[in-house]
Structures are given as C-alpha cells and as structure tokens.
Amino acid sequence: MDCSTYIEKYLSAHVDGELSAAELREVEEHLAGCVNCRARFAEERAVKSLLRERAEMRRTPPMVRGSILAALDAIDAADASKAAGRGRDRSAGADRAGWFSIRRARVWVPTAIAAVAVFAFVILHGAGGPTSAHAIPPFDVAIDHYDQFAERFEPNVKSALPADLSDAYMEHQLPGFLWNFQHSGYSLVGGRIDRLEDGTSVAYTFYRGDNGTILCTYMKSHGLQPPDGETREISGHHCYRYRGYSVCLSYPHGDFICILVSHRPMKEFMQDIAESEP
Amino acid sequence: MADKSGTGADRRRRFEDEALPHLDALYTMALRLSRNPDDANDLLQETVLRAYRFFHQFESGTNCRAWMLTILFNNFRNGYRKSSREQPAASAEEFERKLENESLRAEAGGSNPESILSGQGMEGEVETALKGLPAEFREALLLVDVEELSYLEVSGVLNVPIGTVKSRVSRGRAILRDMLASFAKERGIIPS
C-alpha cells in the first residue's frame, strides 16, 4: 500500500473504525513504516474530535418539547378509546388498514408470475449459478408493472400525499422515503402496496409528467447483487439500459432495493434523478 | 396486529426511555436541515409523532437515534423541502437572529453545557466551516462524527449506498480539514 492509496481510500474509514480486519492489518502494516501517514491519521482524528466536541447542539425549546408531549398524550388517549371501541365493533380500528386487507385477498396474476421469477433468480443465485447480466427478475417485476401502470394506474393507498404514502409504506415495513421528481416536471400520481408470493410487501409509486412516466418499486432485496455489464452512476445510484428501458437501482436500506423505471432515454432519466436529489 | 410494544402505557414508557433522550439531537439536525426555526419545530414534531406511531417497528437493541434520524430525513425530503425550494428563504441575518433567540431562550430554561463553550474556542470556526461545506458532505459528516452513526446506519438515513457515505465522509472531512487547518495549527490542536 502506498501513501496516496491509504489517504484516498482508507484514511477516513480507518479513523471511523469502519475497516475490515484484513484492511486494518494492511493499513497498520503501512503506518508502522510511514511517519507521514501516521501524522495524517492523527490530523484526521483531530478534525473528527473537533467536530464532535464543537459542533453546536441546540436544546429543544421547552414550548416545543411541551407541545410534543401533549401530542403524545392525545395519541395515547385516542388509542385507548379506539381499543375500548374495538370490542364492540371489529371494523372500528380498520380505518387505515382497511384498504390493504381488501387487496391482500386477491393477488394479481402478474404479481404472482413476477414473484416466481424473483424466486427463480434467488434459487439460481443461491445455488452459486452464474448471475446473468441479461436476466434480472426484480427488474422484470418493475418493468412489467411499469408497462401496466403506464396504461392504467390504480392506487390502493387512499392518499397521494407524500407523507401519507410514506406512512402507508412504513406500516408495511417498507422504506418510508419517497422520491420527489417535482423539479423535473413529474407529479406523484399515487402508490400501491401489493404482496409477492412469499408474503413480503412490494410498494409501487407512480409519477407522471409531460415528458413521460416513472415507476419506483420497493421490494426485499432477496440478496440481489448489482448486475454486471455497462452501468452508469448518478449520486451513488446505478443506472442500466435493460429491455429497452432506463432502470436505476439503489439501496434505500440494506434489506430493500429501490428500482426506478422509465421509458425516457438514459441521459434525460439520469438528469431527472440528479434533480430529484436533496 | 398485536401490539408488540405492549400496552399503551408500556409503549409510552419505552418511548420516553429510548426515543425522547434523542430529542435535542433531532432538534439540532432539524434546524440544520430546515434553516428556519418554525419549520424545524414542525419537522421535529412530525418526526417524533411518526416515530411514536411506528414505535412497534423499532427493534430494541438497535440504534434508536439512527432510526429516528431516518424518519427525520424522510420527513424532510417527503415534505418536498418546502423551506429551501418553494418558499423564499429567510435572509441570512434573519436566520442568525432567530437562531440567537432560540439559543437565548433555551439557555434561560436551564444550564446547557454546550452554551458555556459557545463564543469561545472553535465553535465559530467549526460552524463556519460546516456551513461552507456542500450539504451532502455536511450531513454525512454530522451523522458520523457528531451523531456517531456507523456508515451502514448513515446509508439508511441518507438513502444512499454505503460507498457513497464513505466517499462523502472522506471528501467532506478533507475539505473541513483544509478550512480548519490554519486555525487549528495556531492553537496547537493539530500537529503543525
């Protein structure tokens, strides 16, 4: 390992305790014989401590704290009265969950087919078979739904407000983050939550604009690794041309993948994604 | 669904024990994100109430601060960043004045160890340098260095791959180091 490799690739992660055991051994070996990098390490650690100790910390104003506690009391009171009413009327507590229990009863045929494809991929992948750069079943799930939704999208989450959609996704243990393509001219049409065959939830968020449509799909990652082949990166997300569509794969959380699909040419699609970033 | 967190009173107690101690950290981050105390108050309140509603999903033993920061960042982004893009931003002086008022009010409410430090030492320089950093570097650095989250946790909070967290921390800290270096060297905080 040379000095520039250490500084560019390992220094920060070293100070943050984020190196693997093997990397740490390699790094320590280099530092043992390099006085400059040892000094650089001490400096990096000093910057970290300085930030930790001296970045401003604000106290929550007492009034804000008080109003939060009062709001928690109100939630407790509402939950208690809902629980008391539930014994008399089973449907009373179903307000938020109602739309979902209806959907749960009928699994879409395309969803079922897509789920089989996902499992075929997982089995292949798990058995150590080669991962084909040409067949990415989770992409197929997203694309098939994209085509279907472009013709007709029926949301099953009642509200199309980002905060409500986020709530609904989180209630099904899905990521609560919603993309915002407003600044590229897309508006949020709505969202739907379905289930794959294994019972895991999948969320679709559909966007429509003058230039086209975008579908965001959240599902369990099923151990998916980024496909091989030509890829372009934008803000840490990987973009691919796949079956004639522009596809962007990102990992909102370790367990989940987020797949964005659009008919837009790759360049414009990547521009939409870039503009959506905070 | 059975209430995993037990009875209402039980949930409330657990929430007060595990989640509410992070209130000041969340408030500070809310102020940094919304750059306006009124929006920060709304963002904080919305975050805490959502965390309470979804508290049954929080896995005991994992990092509650990271979990709540994830909700905070999601709320901020889902709110379509109204303060930074849709509304005219408050002028810099107005923003500073509001921050000052908030800070004085908080100090009047009780002792605050951080406030004893402010105005002397490196606060000014550290904050000035932080404000000069691009937002994506600043957020990653604050989450790692101040909130003490792991790269994996930060990747969840910021909704970016772990490799991106790593590079943002690395680049952000390099810029910060350059900005602070001359001052820190004068003070002997870092070796010259």
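The largest nonpolar core here has 48 residues, and those with the most contacts inside it are B:Leu26, B:Ala30, B:Leu72, B:Ala140 and B:Val154. A nonpolar core means a set of buried Ala, Val, Leu, Ile, Met, Phe, Trp, Tyr and Cys residues joined through C-beta atoms within 7 Å. A residue is buried if 20 or more other C-beta atoms lie within 10 Å of its own, exposed if 12 or fewer, and partly exposed in between, with C-beta atoms placed from the backbone. Helix α4 (residues 64-78) of chain B gives the most to this core, with eight residues. Helices (H or I, at least four residues) and strands (E, at least two) are DSSP runs, numbered from the N terminus. A second, separate core of 46 residues includes A:Ala168, A:Leu224, A:Tyr240 and A:Val247.

A word on conventions: this is a predicted model, where local features need pLDDT of at least 70, side-chain atom pairs count only at pLDDT 80 or more, and totals for chains, interfaces and linings use all residues. Residues are numbered from 1 along each chain as its sequence is written, while chains are lettered from A and ligands numbered from 1 in the order in which they are written.

Here are the two chains side by side.

| Chain | Residues | Buried |
|---|---|---|
| A | 278 residues | 35% |
| B | 192 residues | 41% |

Chain A has nine helices and seven strands, whereas chain B has eleven helices and zero strands. Two residues are in contact if their C-beta atoms, placed from the backbone, lie within 7 Å. Among contacts between residues at least 6 apart in sequence, 59% in chain A join residues at least 24 apart; for chain B the figure is 63%.

How do α4(B) and α10(B) pack? The axes of α4(B) and helix α10 (residues 151-158) of chain B come within 8 Å and cross at roughly 25 degrees. That makes the two helices, α4(B) and α10(B), roughly parallel, a term for angles under 35 degrees. Axes are lines fitted to C-alpha atoms, for helices over the stretch in contact, and angles run from 0 to 180 degrees between N-to-C directions. On the α4(B) side, B:Ala66, B:Leu69, B:Thr70 and B:Phe73 meet B:Glu153, B:Gly156, B:Val157 and B:Leu158 of α10(B). The residues of this contact divide into five nonpolar, two polar and one charged. Here Ala, Val, Leu, Ile, Met, Phe, Trp, Tyr, Cys and Pro count as nonpolar, Asp, Glu, Lys and Arg as charged, and the others, Gly among them, as polar.

Now for the meeting of the chains. The contact takes 50 residues from chain A and 58 residues from chain B. The chain A side divides into 25 nonpolar, twelve polar and 13 charged residues. B:Leu23, in helix α2 (residues 23-34) of chain B, touches A:Thr60 and A:Arg65, not counting residues up to four places away in sequence. B:Leu23 is partly exposed, with 18 other C-beta atoms within 10 Å.

In α8(A), A:Pro162, A:Leu165, A:Ser166, A:Ala168, A:Tyr169 and A:Glu171 are buried. The buried residues of α8(A) pack against β1 (186-195), β2 (201-209) and β3 (212-220) of chain A together with α4 of chain B. Just after α8(A), A:Gln173 takes a positive phi of about 60 degrees.

Conventions: Parallel < 35°, antiparallel > 145°, perpendicular 65-115°, else oblique.
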